[in-house]
Amino acid sequence: MTAAPVLLLCLLLLLAAAGAFAGRWPAPFGIAIARLVHGGCAAVSAGFALLAILALATGGMAPVLLPFGPPWAPLSLGLDALSAWFLLLLGLAGLAAGLFALEREVAVPPRRLLPWPLFLAGMALTLLAADAFTLLLGFELMSLASWALVASSPADAEARAAARQYLGFALFAAACLVPAVGLMGGLAGDLSFAGLRAAPPQGWAAVAVLALVLAGAGAKAGLVPLHGWLPLAHPVAPGPVSALLSGVMTKVALYVMARLLLDLGGLGQPLWWGVPLMVAGAASAVLGALRAGQERDTKVLLACSTIEHVGLVTLGLGLAATLRAADLGPLAALAAAAALLHALAHGLFKTLLFLVAAEVQHAAGSRRLDSLGALVHAMPAVARAALEAAAAAAALPPLSGFAGEWLLLQALLGAWRVGELGFQVLVAACTALAALAAALGAAAMLRFWGLAFLGRPRGPRPLGAQDAPPLVRAALAGLAGLAVLIGLLPGPLLMLGAGAIGALSGHPGLPEAAPLSVSPSVQGADYAPLPLAVLLGLLGAGLVWLCRRLSPQPARRGPAWDGGFQAPPPHLPFGDPATQPGADGFAQPLRRMLGGRLLAAHEAVHRPHPGDTAPARLESGFHDPLPGSLLAPLVALRERLSVAAERLRDLSLRRLLMLGFGTLVLLLLLLALLPGGGAR
């Protein structure tokens, strides 16, 4: 087991090398190499999943030193319960995405084939790292490889702009995480996890580490207000890439946040340590869910839904840190369990949703909701998988998305035990925002599935759509089965992840987790998903039987009710557009109630002049003001810095030497002010 991570990473690098030479061979050999790369990545991902399960069951793997690394220390790999939990997500999602790519991504250019194994290797190296330098190395490899995958899309203005902005956020994340790790390592320079855990940051260094990690990992995870890249990068990225970007990469960023702040940050941090995470998580959850309910593009909709669920996980992590500081170990374990369970569940059902969106785009030729419809008849297997994933994303019991959100709400409701009045007000606000986000997220998923798969076709392409091929269907069915399995058995899964819960909460796991139920406390109400599923199934079957029993005539299939409108004329074979709700019409109530202030939503009715027979027109839309308000000062700062840099060229030699000497003096002063700096 010790050599397994190194072997799997080496296999990924060999597959990347094979992908680099795919374009040098004739077409048949290039396709064979592409199949080898995608099939090999799927097999390696399955190996990661098995390795993670073994580590969770046996307690993990001790760190091993590699025979290479930076001058001060070799690289080290390890696998504890926390990293194994996220490695399990990477393995399962990577296996499904690899199977999908094996069917749909075999005729791709080498510039897209090479970064795919490197992307998986970067995420795996981040999770397997046993020291901070290796963690940053894997994080940057993940960032650069994913940027190459986004930039490998067809060259148009939208793709280039999305790639540039994505690279900017990736560089910003690196610029924040590198000094954060430097502050945590201190002058001793011990970057191993054991060394960092033994000497957590204190005082102003702790404040700086918290701000830098939240900004760096939050930018990569898509937390508000650093979420601007998600709605731009996902539509231009290929389907499997979007699935791993949203389902796994954002969770790797959350792992980095949890590792640095909750695990390596130490158990002695004050009560406010988790408050910024709670605020950012609650704001992200509401804004992401609201935007998801307004978007017209399926992939942008799913990307905004990711912002919502990443916010809920971050809220759980912040709550766990705060409750741990208040010496409420069982409640901290409950919040940590909610965050970990929802991170795993969201990673899997969001991977499924993005693969569904990619298959719908391939079969129906569009990502726009107003160009789809009635796909449940043409693509029944894809529609069933999409329904399960959308129901899980909507937190409907007993699917996977419900258990984590239920545990999070239970932890929020129990957080009143912290005596600080200000914190109690914050918890009450976060509880209301989490409930609002859950309701908005459910409405967004209903809108997505209903407009894409129900109703009448809104164009000719959905009529000619075909169901997924067997390999794609197997990948979708496997993820849909996991959405059901995790929802039915959250107790055994949390028992398996007890070590990860303990690493985040300082409390030994969740004692109220049983094979068939979970509970917030010994006196609290149990959530038993398996009996609930049986009860719901019996009630549904009984309702169907009762309807058939009381019906005077056997059921007959007829035309769909058209809202009382007359039959469409012959020149409208797909029906009158005015009689079928569209994406904007479905989103209008929420846009009017909440979108005005949060999303700068607008509506305008253009009426014709008297006597003009032209129809009136309703124009509506929205604009997320946060990315622009965040980037505008940065652009202005860049312009000022460039002007100042231009002035440096005109300085005399004496002034340049004075500038260098002054910089040296400031660095020596900073070194003296660091903890222990004067003694050295």
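Which residues in α5 meet which residues in α11? In this predicted model, local features need pLDDT of at least 70 and side-chain atom pairs count only at pLDDT 80 or more, while totals for chains, interfaces and linings use all residues. Residues are numbered from 1 along each chain as its sequence is written, and side-chain values use heavy atoms, with hydrogens and water left out.

Trp116, Phe119, Leu120, Met123, Thr126 and Leu127 in α5 meet Pro240, Val241, Leu244, Leu245, Val248, Met249, Val252, Tyr255 and Val256 in α11, contact meaning heavy atoms within 4.5 Å. The axes of α5 (residues 115–128) and α11 (residues 239–263) come within 10 Å and cross at roughly 20°, and the two helices are therefore roughly parallel to each other, a term for angles under 35 degrees. Helices here are DSSP runs (H or I, at least four residues), numbered from the N terminus, and axes are lines fitted to C-alpha atoms over the stretch in contact, with angles from 0 to 180 degrees between N-to-C directions.

Glu405, in helix α17 (residues 400–414), is buried yet has no salt bridge, Lys350 being the nearest side chain of opposite charge at 9.9 Å. Buried means under 20% relative accessible area (1.4 Å probe, protein chains only), and a salt bridge requires a side-chain nitrogen of Lys or Arg within 4 Å of a carboxyl oxygen of Asp or Glu. Beyond its neighbours within four places in sequence, Glu405 has contacts that include His309, His342 and Ala395.

Ala395 itself is placed in the loop between α16 and α17 and has a positive phi of about 60° although it is not a glycine; at 14% relative accessibility, Ala395 counts as buried. The loop between α16 (380–393) and α17 also holds Pro398, which is joined to Pro397 by a cis peptide bond with omega near 5°.

Notes. Buried < 20%, exposed > 50% of the residue type's maximum accessible area, 1.4 Å probe, protein only. Lys, Arg positive; Asp, Glu negative; His and termini not counted. Parallel < 35°, antiparallel > 145°, perpendicular 65-115°, else oblique.
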